[in-house]
Amino acid sequence: DDHIGQISRRDNALLLDEIHRKLKDNLTLSMVPEIYYKLGESIHHFLVDEFQDTSPVQWYNLKPLIEETLSKDGSLFVVGDIKQSIYGFRGADWRIMKNLARGGEFGSVQPSSQALGWNYRSAGNIVDFNRQFFCITIPMSEYAEAAKLSDLTDVNQRVPRERQGKGHVRVHLVPHNAETRQDRSKLLESIDDSLSRGFKYRDIAILTPDNNDVIMISSWLNEHKPPIPFISYSNLDVRRRKSVGEIIALLKFLDSPVDDLAFATFLLSDIFQQRAKTFSQGSLLAEIRGLLFEVHRSAHRQAPLYRIVQDRYKKLWMDLFEPLFNSVGYLPLYDLVSEAYKRFHVFTLFHDEEAAHVKFLEAVRAFEQDGNNNLKEFLEFAEERDETDRWKMEAPEGTNAVRVMTIHKAKGLDSPVVLVFLRDREVRVRDPHLDESEDSVRLLSLTEKLSEKSETLSSVHAQKLLVQQADALNKLYVAFTRAREEMHIVCVMNEERKGPTKYLVEQSVGAPQDRPLDLGLADQESITQIQYSNTLKGLAVTDRRRTALKETQRGELIHEILSRLNFLDEDVEKQLLEAWDKADRTIKASFERKDILNTVQRFLLESGVKQYFERKGKKIALTEREFSNRNGELFRCDRVVFEDGLITVIDYKTGGEEKEPEYKMQVKNYVEILREIYKGNKVQGCIAYVDVKKFVMVE
């Protein structure tokens, strides 16, 4: 908890669960909660979607406001399906919705409810299969009470006339056998069968409750001959991608050169192996692998691994590692990572991983834009558990590939063909169990043996088991209702057959149909040609060595301050102080604030650049924005101002004017890029010398 708190304070962020708890505490402790004054008088109607996934603390926070609204002829409209509540592990409690529907939440205010009686998603045979399983089979089992509790016994939907008698369901029950792997065979046979009848890869989705099975199934698809293209929704976190992990290993080495494990990991990586092939005819890689074994066995080695590689393979070190090695602490983080991608030709050599590496670069940029620029902090950030979309690639729409995901991720989705992969497992109560009430929190051990010896524990155990059984049935219901035309269920049976899946029987409902050949545009995949440039401009390491570190950091600090200024307000000094606070945290260098801010203020007011910081009309300013040329190379512009069809790109320089010809070439390059992007607009370039307060237009 302390670690999470430190991260939250560092990022100036609150976790969603923490927001709910803080709001609950506020409502509890306040005699007359301020929220009534803020919201109670202004909100008269509430609409809550996916209400079955509401947690007790969320409902605790909402209920007083809703009570206030209902007492003044307001309304509450909720949409949800208790049968589809599958987020109990996140705190969702479908019993809130059930109690609300029964009229047990607001006393004299009696709700009216309406069930949707038509199913426009699934074909008739799929709907009939679910009705038979959940309304007839399950109510005759030990899961009957759980099914009734979550309204599963009331599955009674009609389908339009044109879909009646249509659709196909096939249930395969296979024994668990690690040698024969009938589960693998049945799953792949089902895919091949669907493809043979006209379905495309993109028409098929594979659902399973367990994320480990998503990974396993993904490997089956990859090993199939020929490989079956797929999108694994468990592998959308780019940090799990092998090649991204290899880049992270390289960054760990650059951050700490004595980290032999990180350096050895990268030397054995696919990225290094592919890039290093250009340095030899094949013997080099074998030599390096031999060197790693030699170093590993050496008991008296004193030099770190990188020094040994540096001495033995001078050209390889100078071409691939030396420029990056000497740039750590000088280049901004994003530039350093981008340079690593260029130097090792990552986008050229690993086309299939393009989306993952683009997302990784986006994460680096977002980290930098949050005011961070430290490699070590970024690596710590990359190792944090993060359930947000910050690290996740978006699954591309329309890609001709099988989708593989957990049932939880499939909620709200559908597919022409759904393959459900299940394992017959007993439903158990989690032990230990955290029992919460309004007055107390108890940690209970709910093993069967202890429950038999205590009436209290036995009662809690029975109640929790019932809820767990209902959750297990809900999960099956969500999985069995995603298919539009066909559903294939592959269930690996336990010998004792204890789970709800034991009531599945091997069967085939409805005849499989050939799909009409689709000759429309939907069958044509668009292909985008992407060009990559690995041309290295050079990092001017020797120049940087001649520049004192202190002066370099000063220049970075001034650039950072200026990047925090969009337009100038009347109180420029206050703006500069705020920009300093943010920039100083980023650069983490010791400079006299007064000297730096005086320099920046005089530059803004005396150099002639002020007109490009004045807020006027529809003027727009972009700071530290990247643009790409035709070759895909990225260039970062310090400031770009848009005003009445005129675009001005400004490049800041600290120090003197000794390199003005070089600076002008750089600005001219920016101007050409912007002219290409913003056709029809006039583009001009400027060099702004901060220290000498000079503003030079570039012809």
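Which two strands form a hairpin with two residues between them, and which residue in the turn has a positive phi? Select E13 and E14: these strands make the hairpin, and Asp644 in its turn has a positive phi of about 50°.

Before going further, note that this is a predicted model, in which local features need pLDDT of at least 70, side-chain atom pairs count only at pLDDT 80 or more, and totals for chains, interfaces and linings use all residues. Residues are numbered from 1 along each chain as its sequence is written, and side-chain values use heavy atoms, with hydrogens and water left out.

**Whole chain**

Show the chain as a cartoon. Its secondary structure comes to 27 helices and 16 strands; helices (H or I, at least four residues) and strands (E, at least two) are DSSP runs, numbered from the N terminus. Of the 699 residues in the chain, 45% are buried. Buried means under 20% relative accessible area, exposed over 50%, and partly exposed in between (1.4 Å probe, protein chains only). Contact is taken as heavy atoms within 4.5 Å. Among contacts between residues at least 6 apart in sequence, 74% join residues at least 24 apart.

**The sheet E12 to E16**

Select strands E12 to E16. They form an open sheet of five strands in the order E12-E13-E14-E15-E16, with mixed pairing; two strands pair if DSSP finds at least two bridges between them. At the edges stand E12 (620-628) and E16 (694-698), each with a single partner strand, so one side of each is left without a neighbour in the sheet. On average, neighbouring strands of this sheet are turned by 35° against each other, direction ignored.

Now return to E13 (residues 634-643). Eight bridges join E13 to E12, and the two run antiparallel. Leu622 has Val640 in E13 as its bridge partner, and Glu626 has Arg636. On the E14 side, five bridges join the strands, again antiparallel; here Val641 stands opposite Thr648. Eight of the 10 residues of E13 are buried, so E13 is largely enclosed by the rest of the structure.

**Helix H13**

Select residues 283-297. H13 has 15 residues and reaches 21 Å from its first C-alpha to its last, close to the 21 Å expected at 1.5 Å a residue; the expected span is 1.5 Å times one less than the number of residues. Which residues are buried in H13? They are Leu284, Leu285, Ile288, Leu291, Leu292 and Val295. These residues cover an arc of only 115° around the axis, which puts them on the same side of H13; the arc is that of the directions from the helix axis to the C-beta atoms. The buried residues of H13 pack against H11 (260-267), H12 (270-276), H14 (305-312) and H15 (314-325).

Go to Glu246 in helix H10 (residues 242-255). Glu246 has a relative accessible area of 5% and is buried. Leaving aside neighbours within four places in sequence, Glu246 is in contact with Phe266, Ser269, Asp270 and Ile271. The Glu246 side chain makes a polar contact with the side chain of Lys242 (2.6 Å), and a polar atom of the Glu246 side chain lies 3.1 Å from the backbone nitrogen of Asp270. A polar contact is a pair of N or O atoms within 3.5 Å; within protein, one must be able to donate a hydrogen and the other to accept it, and residues adjacent in sequence count only if both atoms are side-chain atoms.

Next, select Arg343 in helix H16 (residues 333-343). Arg343 counts as buried at 6% relative accessibility, and its side chain reaches the backbone oxygen of Asp319 at 2.9 Å.

**Backbone stops in loops**

Most residues other than glycine have a negative phi, and most peptide bonds are trans. Select Glu50, in the loop between E1 (45-48) and H4 (56-70). Phi of Glu50 is near 50°, and at 39% relative accessibility Glu50 counts as partly exposed. Finish at Pro226, in the loop between H9 (211-223) and E5 (230-232): the peptide bond from Lys225 to Pro226 is cis, with omega near -10°.

Conventions
Axes fitted to C-alpha atoms, helices over the stretch in contact; angles between N-to-C directions.
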